[in-house]
Amino acid sequence: MSESLGSGPVRRPQTTLRHQLAELRGPATAPRPLDARALAALAANPGCKRRALLDGAGVDKAALASALGAPSGFGQSQFAFMRGNAFEAKVKADGGMELMRLLGVAEPGDVRVPDLAAAGPEGRAARTALALREATAAGAWSLLDHPMLALEVAGSPAYLEPDAVVVRPDGRWTVVEIKSFPMVDGSADAAKVGAAARQAAVYVLALERVAALTEGASVAHSVLLVCPKDFSNQPAGSVVDVRKQLSVTRRQLARLTRIEDIAAALPEGVTFDVAACSAEQLAAAVEAVPHAYAPECLAACELAFHCRDRARAADAVEALGRSVRGELGGLTTVGAVLAAARGESGDPDDPAVSALRRAAALRAESLEGACR
Ligand code: SF4
């Protein structure tokens, strides 16, 4: 089951859109699944059609960035990956008893752990929805290990896999996020907790669609974050309220332009097939899709170094940050800002221009004073 977020009716058969998206990423390339982390990043920058299209088409943005000569700094070492997997197995060991303890449940009785195996993401999402319904009807504690949730975003399906979902006897479903960053003295790095909360909010959003069709079910707007305690491999749990992230994510995802509309506006023959195109062709293809660069991209998107280089080369004020960009109004290049500050151009009645001239005069005055 999937729910649509994004505006406008479906105007084209999904098979045509799928074919078009396959052409964009390269017919021989398997699509990269759109996960909760990518959706949270999309929600943080809903104005970027470039990211929306590349993610919707399942393009491997890390490979694309490398082919463009601007590799991203993202990625996890094999060692960190294995350590993360071992920690997650420890948290879920003993039939979910450790997780129950972290949830504050001392005597859960038998914890049901349903088998969620099925073919393909659609099959797994259907199996998960059925398991959630059965667990809710059973009125007992259940642990769904790596369930699959479906959410349609901007006309393109996304399949999301939380670490776990716990179903309580009263029918309440709780998302569990297991992370490998440490929780020291009961608190963890705020930026990392914030990123985990945004990711968990996407899971809550997808779970709510299933809960709406399940009698007696509700989804908790607080998630359980589990991290290693004080650099050990002992798990520590913290309940994180994601109501704010949930409402922001819901609103931002609904604002995304439909993937098919972005694709329809592309010139003929555009493709992001890294196996078949030169760096110049790929750069031209990427340039054909409007973007919305901001310094925040550096922490969220694999193409950030490429987009930043282009923004700097175009002298665009976007490279200075969203708040600066907002305050500069109609001045869109650094050159125009400097010329306005020097009094060479710009409308003196424009508040941005007059503020720049005042700042330039104050700077000149203070430099003069310093030289005396
Ligand atoms: S780095 Fe580029 S593609 Fe990625 S979100 Fe920012 S502007 Fe969009």
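Predicted model: local features only at pLDDT ≥ 70, side-chain atom pairs only at ≥ 80, totals over all residues.

**Entry 1: α14 and α15.** I started with helix α14 (residues 334–341) and helix α15 (residues 351–371), whose axes come within 8 Å and cross at roughly 65 degrees. An angle of 65 to 115 degrees counts as roughly perpendicular, so I put α14 down as roughly perpendicular to α15. For the handedness, I noted that α14 passes α15 in a right-handed crossing. Then I listed who touches whom: V337, A340 and A341 come from α14, and V353, L356, R357 and A360 come from α15. Sorted by class, that contact of α14 with α15 holds six nonpolar residues, no polar ones and one charged.

**Entry 2: α8 and α9.** On the α8 side I wrote down A197, R198, A201, V202, V204, L205, E208 and R209. The α9 side gives Q245, L246, T249, R250 and L253. What is the class make-up of the contact of α8 with α9? I get seven nonpolar, two polar and four charged residues.

**Entry 3: α2 and α3.** Then I went to helix α2 (residues 36–44) and helix α3 (residues 49–56). The axes come within 10 Å here and cross at roughly 160 degrees. Anything over 145 degrees counts as roughly antiparallel, which means α2 is roughly antiparallel to α3. I logged the way α2 passes α3 as a left-handed crossing. In the contact, A38, A41 and L42 of α2 meet R51, A52 and D55 of α3. The class count for α2 with α3 is four nonpolar, no polar and two charged residues.

**Entry 4: the second largest pocket.** Last stop for today. I have the volume of the second largest pocket down as about 210 Å³. Its lining consists of R83, A86, F87, K90, S180, P182, P228, F231, S232 and N233. Which helix gives the largest share of that lining? Helix α5 (residues 78–91) does, with four residues. By class I have five nonpolar, three polar and two charged residues in the lining of the second largest pocket.

Definitions and conventions: Residues numbered from 1 in each chain as written. Heavy atoms only, no water. 1 Å grid on protein atoms, 1.4 Å probe; cavity = no way out; pocket = protein on both sides within 12 Å on 5 of 7 lines; lining within 4 Å. Points joined across faces, edges and corners; volume = space filled by probe spheres on them. Helix = DSSP H or I, 4+ residues; strand = E, 2+ residues; numbered from the N terminus. Nonpolar A, V, L, I, M, F, W, Y, C, P; charged D, E, K, R; others polar. Axes fitted to C-alpha atoms, helices over the stretch in contact; angles between N-to-C directions. Parallel < 35°, antiparallel > 145°, perpendicular 65-115°, else oblique. Left-handed = near helix turned anticlockwise from the far one by under 90°. Contact = heavy atoms within 4.5 Å.
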